Amino acid sequence: LPPKSSQPVVEFYMYRATAVGEFHTYEFGEINTANLDGVMWYLQNEIVTVYGGRPRCPRRFNISEIHRVKISMKPTDAQVKGTGMQFTPRWAYNRGFCDGRCFPQNQCTGSG
């Protein structure tokens, strides 16, 4: 086990957009979540509309629900000491691989 953290507990909400009845299809550690701004951006830009096109009906992946989950976490002492931040950069993971947009000098190569 990692050493105990002296950092305070941080509580916040995360959101996930799903089709009806799909929230429990995957374990929580295997899904993408976002803050409220992020999930609304996702719905507007990737679910309801097609880039440069008209609104999509039916919605992509049949998404029609937003779920809110309360998270309690403690950043590690090493994280705060090394970066001065409680959170690390966001990486997109799908099917166990980092395959989000990759830019120079980050650690996401997209090759898994």
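## Exercises on a predicted model

In this chain, 55% of the contacts with a separation of 6 or more are between residues 24 or more positions apart. The model is a predicted one, so treat these exercises as a friendly walk through it.

**Exercise 1.** Find how many helices and strands the chain has, and the pattern they follow.

*Solution.* Start with the count: there are two helices and four strands. Next, read along the sequence, and the pattern is β-α-β-α-β-β.

**Exercise 2.** Work out which residues make up the largest nonpolar core, and which element gives the most to this core.

*Solution.* Step one is the list of seven residues: Tyr15, Ala17, Ala34, Val39, Leu43, Ile47 and Ile63. Step two is to look for elements that give two or more residues, and these are β1 (10–19) and α1 (36–48). Step three picks out α1, which gives the most, with three residues. As background, nonpolar side chains in soluble globular proteins tend to be buried together.

**Exercise 3.** Decide whether Leu36 counts as buried, partly exposed or exposed.

*Solution.* First locate Leu36, which lies in helix α1. Its relative accessibility is 42%. Buried means under 20% and exposed over 50%, so Leu36 counts as partly exposed.

**Exercise 4.** Find what share of the chain's residues count as buried, and how much area the chain exposes.

*Solution.* Of the 112 residues, 23% count as buried. The chain exposes about 9,100 Å², and carbon and sulfur atoms supply 54% of that area.

Notes:
Residues are numbered from 1 along each chain as its sequence is written. This is a predicted model: local features need pLDDT of at least 70, side-chain atom pairs count only at pLDDT 80 or more; totals for chains, interfaces and linings use all residues. Side-chain values use heavy atoms; hydrogens and water are left out. A nonpolar core is a set of buried Ala, Val, Leu, Ile, Met, Phe, Trp, Tyr and Cys residues joined through side-chain atoms within 4.5 Å. Buried means under 20% relative accessible area, exposed over 50%, partly exposed in between (1.4 Å probe, protein chains only). Contact means heavy atoms within 4.5 Å. Accessible areas come from the Shrake-Rupley method with a 1.4 Å probe; for residues, only the protein chains shown count as cover.
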